[in-house]
Amino acid sequence: MIGNMKFTGCWKNGIYYYLLAQGVGGILWWCLLFLRPHYRSWFLAETLPERVLISFWLPDCLIFITGSMAAAYGYRNRRSWFPPVLYFLTGGISYVSLYCLTLSFSTHGGWPGTLVMLFCMLVMLLICLVLNSDQHREI
């Protein structure tokens with residue numbers, strides 16, 4: 001049990017589907033930014049050049065997208081390497097989220113992307129807490 005909620009199959013499937021959706025969302029995000037460049041301005045302050053936003057493509061592909069897909073696969077198939085991948089992914093997302101938050105505060109822009117990243121960070125932290133609660137030790 002987690003609090004007064006049992007850790008049911010619904011929760012387990014939800015974690016898998018969230019991780020999968022996060023990876024697919026990252027792919028769609030970059031397709032949008034590369035195929036429809038005029039949308040880039042939504043995610044960037046007016047004072048910053050587009051290359052600041054585009055410079056995130058490599059870490060996003062390696063950590064956010066690949067990490068999310070690998071974590072989804074590892075979780076679904078109960079792989080022993082799943083926990084370290086989950087923690088690495090959560091740390092990477094947390095670092096970028098806090099960077100985006102600082103950048104948005106300092107430039108007064110780019111809030112849509114920052115809010116998406118903060119949401120991802122909070123969900124990832126929740127997943128880590130749920131999976132590491134004293135009441136639930138299996139993966």
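Student: How many residues of the chain count as buried, as a percentage?
Tutor: Of the chain's 139 residues, 40% are buried. Buried means under 20% relative accessible area, exposed over 50%, and partly exposed in between, with a 1.4 Å probe and protein chains only.

Student: Where does this model come from, and how are residues numbered?
Tutor: This is a predicted model, in which local features need pLDDT of at least 70 and side-chain atom pairs count only at pLDDT 80 or more, while totals for chains, interfaces and linings use all residues. Residues are numbered from 1 along each chain as its sequence is written, and side-chain values use heavy atoms, with hydrogens and water left out.

Student: How many helices and strands are there?
Tutor: The chain has 5 helices and 0 strands, in the order α-α-α-α-α along the sequence. Helices (H or I, at least four residues) and strands (E, at least two) are DSSP runs, numbered from the N terminus.

Student: And what share of the contacts is between residues 24 or more positions apart?
Tutor: Among contacts in the chain with a separation of 6 or more, 68% are between residues 24 or more positions apart. Contact means heavy atoms within 4.5 Å.

Student: Which residues in the largest nonpolar core touch the most other members?
Tutor: Leu19, Ile93, Met124 and Ile127 do, in a core of 31 residues. A nonpolar core is a set of buried Ala, Val, Leu, Ile, Met, Phe, Trp, Tyr and Cys residues joined through side-chain atoms within 4.5 Å.

Student: Which elements give two or more residues to this core?
Tutor: Helix 1 (9-35), helix 2 (50-54), helix 3 (57-76), helix 4 (82-107) and helix 5 (111-131). Helix 5 gives the most, with 9 residues.

Student: Back to Met124. What does Met124 touch?
Tutor: Leaving out residues up to four places away in sequence, Met124 touches Tyr18, Leu19, Gln22, Leu86, Leu89, Thr90 and Ile93.

Student: What about Met69, where is that?
Tutor: Met69 lies in helix 3. Met69 counts as partly exposed because its relative accessibility is 27%. Gly23 is 46 residues from Met69 along the chain, and their C-alpha atoms are separated by 5.5 Å.

Student: How many disulfides does the structure hold?
Tutor: It holds 0 disulfides, a disulfide being a pair of cysteine sulfur atoms within 2.5 Å. Cys100 counts as buried because its relative accessibility is 14%. Cys128 is buried too, at 11%.

Student: New topic: what is the volume of the largest pocket?
Tutor: About 430 Å³. On a 1 Å grid over the protein atoms alone, a pocket is an open set of points where a 1.4 Å probe fits, with protein on both sides within 12 Å along at least five of seven lines; lining residues have an atom within 4 Å of a point. Grid points are joined across faces, edges and corners, and the volume is the space filled by probe spheres set on the points.

Student: Which of the lining residues lie nearest its centre?
Tutor: Trp29, Asp60, Gly113, Val116 and Met117, out of 29 lining residues. Helix 1 gives the largest share of the lining, 7 residues.

Student: Where is His108, and is it buried or exposed?
Tutor: His108 is in the loop between helix 4 and helix 5, and counts as exposed because its relative accessibility is 71%.
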